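Here is a friendly walk through the model shown below. Have it open in your viewer as you read.

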There are 2 protein chains.
Amino acid sequence: MSHLQKLDKYFSDNREKHLEELFDFLRIPSISSLSEHKEDMQTAANWLADKLRKLNIENVSVDPTKGHPVVYGEWLHAEGKPTILFYGHYDVQPVDPLNLWDSEPFKPEIRDNKLFARGASDDKGQVYMHLKMIEALFATEGTLPVNVKFIYEGEEEIGSPNLPAYVEANKEKLAADLILISDTGLYAPGKPAVCYGLRGLTGVQIDVRGAKGDLHSGLYGGGVQNAIHALAEILASFRDEHGTIQVEGFYDKVRPLSDEERQAYRDLQFDEEALKEEIGVQELFGEAGYSYLEQTWARPTLEVNGVFGGFSGEGIKTVLPAEAGAKITCRLVPDQDPNEIVQLLKAHIEKHKPKGVTVNVSEFDKGAPYMTPFDHPLIQAAGRSYEKIYNVPTAFIRGGGSIPIVAAFDEILSLPVVLMGFGLNSENFHAPNEHFHLENFDKGLRVLGDYLHEVSNLKL
Amino acid sequence: MSHLQKLDKYFSDNREKHLEELFDFLRIPSISSLSEHKEDMQTAANWLADKLRKLNIENVSVDPTKGHPVVYGEWLHAEGKPTILFYGHYDVQPVDPLNLWDSEPFKPEIRDNKLFARGASDDKGQVYMHLKMIEALFATEGTLPVNVKFIYEGEEEIGSPNLPAYVEANKEKLAADLILISDTGLYAPGKPAVCYGLRGLTGVQIDVRGAKGDLHSGLYGGGVQNAIHALAEILASFRDEHGTIQVEGFYDKVRPLSDEERQAYRDLQFDEEALKEEIGVQELFGEAGYSYLEQTWARPTLEVNGVFGGFSGEGIKTVLPAEAGAKITCRLVPDQDPNEIVQLLKAHIEKHKPKGVTVNVSEFDKGAPYMTPFDHPLIQAAGRSYEKIYNVPTAFIRGGGSIPIVAAFDEILSLPVVLMGFGLNSENFHAPNEHFHLENFDKGLRVLGDYLHEVSNLKL
């Protein structure tokens, strides 16, 4: 039997057991952004470390940071062979609005061969695939074709505030030939993709204050600035009616799309009608002069993620609100600098600050945009592994999302990053009813197993 | 002893007992807008009815409506004398944000001769003064100098949706020579006022929907409209940077201020610096060309009372929100028509609807603006009663707030409305730490008692 045939049999034989174990992982409500889940974060980290130890992975540790712990492990007995550093995250997004979930976010359920749970695809499900692939290689071959290291963090969904310091402090321990990350998606159902670029992220919270307390809108209305009106003016000033961002200098450092890239994206024949149907909109909306793929892969954004102020309960409360706030994040593309963009945002807000209020701006964590040449041998090898399992050509794409740590790995460890993900855009990452198509769980295990052999054969 | 001396002694002797009883009333959390308080509304109505019965008031009833009940009572044994219909409301505003209260909203506390509780001044405290004034007149004179009727509702804070139908159905029972309402304020500490005009109210809720669910701002950001951005554009379109409302036709029917009124307002020498200090703002903000009193008494407004959408919890959630909403109310002045203004708002929203979203507009309840000639004998008599107790000239003013039922009384019963209130603008109606200066509770009881004698002497 070829290594692929052996893997195939192993994964088929053990599928039920593997899924049951993954359910245990998904049941841990490891929401990194909410302090009440601090203990759950430790539980999730310990769970992962325990699984690594059972796989013969060595030097496994749960390393404390200023925030949530990092899980590390290694197996370095493939002499003369390349070393792959696996990265993933065991933290998940918050789950509100809870009432829009069809099943509870931390009670995994399989419906129609899809696994529903918070973290099913982003990213616990994919982290778990790394582990089971290692288990399968040991079980079927008694060894691994390459050296492996693992680093799993619990703060990806809050911008990885503590991982760069950890990586910096553990540079030698983490030395490798590439980093493999499974936190992106296929291009489409049945169509695999290797992602060679990611957008970065930066953001601010804007807090507007008028009077020292809420006022009666009858007694004071007409003579005192309303914090929500002031905020709305600031928010409306960020973009024009076509969605083009009006922050001065915002687009100055954006690397233009090459003709080759634009053509490659056109060749993907993206189905806008299907997208509209999928997300339930009458029309798409974005920067003029760019296709949807260009808008979401290669152009920066400015989105209000949340807004709050005044009375939002049932019925009416005729209050003149004293406070209002908004959370804003920008997706950034090469060669925008997150720190510089935050300064531009601040200058814009200062310039557009309405009269009669004070405005406070606080910064969220940042991640730089990242790109790898898509003709790199490690990238091309990943494409081959996908093709063997999916039987169609691999698309080489960019991702609109951000994995802030990718840029940090790039900067600190100077390693190529290979993004091999198995999610689908329709799987409600960050939203209610997150799920993972088990077809890609099954195929992905085999792709990853094959990739270790592909890398084993490369001279790096 | 004159009737005033007798009243004075009675109120002094019974002050502690009266306040203790008022505490009981204020402890009932009669928030009309929240359905979970439905039972408390009934409790508050029963409490009032019980007190009226104990005062020898006859035909007391707690009359059900489609919403919260109306409390009625009467005493009609002053033959040949005018009849005063007393109106007030036993419902209160919601209490959030609860964390900004220094003491619990439904645990009344006296600090520095001020009574702190939700409803202390708006309007339970003032309703209670009607009752104690009647009690005092019976106790000191054995009778009343005029006939009285009482109508207390539980839906004023939600726009009195059911009272007009009740008044219409009980026209004959409610027949009177005037309506006396205590739900407004003094002009300033120590400076009494009779309010001869009130603003009306109308409002809408705007609900914006983009995609069918929240989306990942990385995967979709840049290619799909953001519901909060769309809402912010609509909100920002309502006013220019000076606060002038941009809704087409909005000001068309506004009755201009007379030179006499503008002069009277100037003579009040309103202290803008003191106001800024009181509410904690660096600068006031309102329509150009109008003084603060003109802006808040005689000009219409458009205020966002609340805004909501996306993620508002701790930290960051990089979501592209599918839904956002805002609650908006307008204060109206003669001769604006609430129904017409709602149509103008709807047309404006339709015209400014951004691409890529659907917008739903729902109407709140309405109240027309109202004005009484300020040389009316009943208004002038009220001025005299105030002056006897406060020893300064009474100001004849307008109120920026709305008592929607005033216009309905005017329309259905065709009666002059006399607004004799005892609150102060600084008392945080509708906001945390609502309170009532007990000095005005004490004086107000005497003013009201005297006014019944003043009215008794009028030939109407």
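In chain A, β4(A) and strand β5 (residues 114–116) pair in the antiparallel sense over 3 bridges. Two strands count as paired if DSSP finds at least two bridges between them; helices (H or I, at least four residues) and strands (E, at least two) are DSSP runs, numbered from the N terminus. One such bridge links Ile110(A) to its partner Leu115(A) in β5(A).

Before going on, a word on the ground rules. This is a predicted model, where local features need pLDDT of at least 70, side-chain atom pairs count only at pLDDT 80 or more, and totals for chains, interfaces and linings use all residues. Residues are numbered from 1 along each chain as its sequence is written, chains are lettered from A and ligands numbered from 1 in the order in which they are written, and side-chain values use heavy atoms, with hydrogens and water left out.

**The sheet and its helix**

The pair belongs to an open, antiparallel sheet of 3 strands in chain A, with the order β4-β5-β18. Its edge strands, each pairing on one side only, are β4 (109–111) and β18 (435–437) of chain A. On average, neighbouring strands of this sheet are turned by 25 degrees against each other, direction ignored. Axes here are lines fitted to C-alpha atoms, for helices over the stretch in contact, and angles run from 0 to 180 degrees between N-to-C directions. Across β4, β5 and β18 of chain A lies helix α13 (residues 438–456), running at about 60 degrees to β18(A); contact means heavy atoms within 4.5 Å.

Chain B also has an open sheet of 3 strands in the order β4-β5-β18, with antiparallel pairing. There, strand β5 (residues 114–116) of chain B pairs with β18(B) over 3 bridges in the antiparallel sense. Lys114(B) has His437(B) as its bridge partner in β18(B). Helix α13 (residues 438–456) of chain B packs on this sheet and touches β4, β5 and β18 of chain B, making about 60 degrees with the direction of β18(B).

**Where the chains meet**

How much area is buried between chain B and chain A? The value is about 7,700 Å², of which carbon and sulfur atoms give 54%. Buried area is the accessible area (1.4 Å probe) that two parts lose on being put together, summed over both. The contact takes 85 residues from chain B and 85 residues from chain A.

Between the chains there are 0 salt bridges, that is, a side-chain nitrogen of Lys or Arg within 4 Å of a carboxyl oxygen of Asp or Glu. Several elements of chain B each supply at least two residues of the side that touches chain A, among them α6 (227–237), β11 (303–310) and β13 (323–332). β11(B) gives the most, with 8 residues.

**Backbone details**

| Peptide bond | Geometry | Omega |
|---|---|---|
| Asp96(A) to Pro97(A) | cis | about 0 degrees |
| Pro334(A) to Asp335(A) | cis | near 5 degrees |

Pro97(A) lies in the loop between β3 (83–89) and β4 of chain A, while Asp335(A) is found in the loop between β13 (323–332) and α10 (338–351) of chain A.
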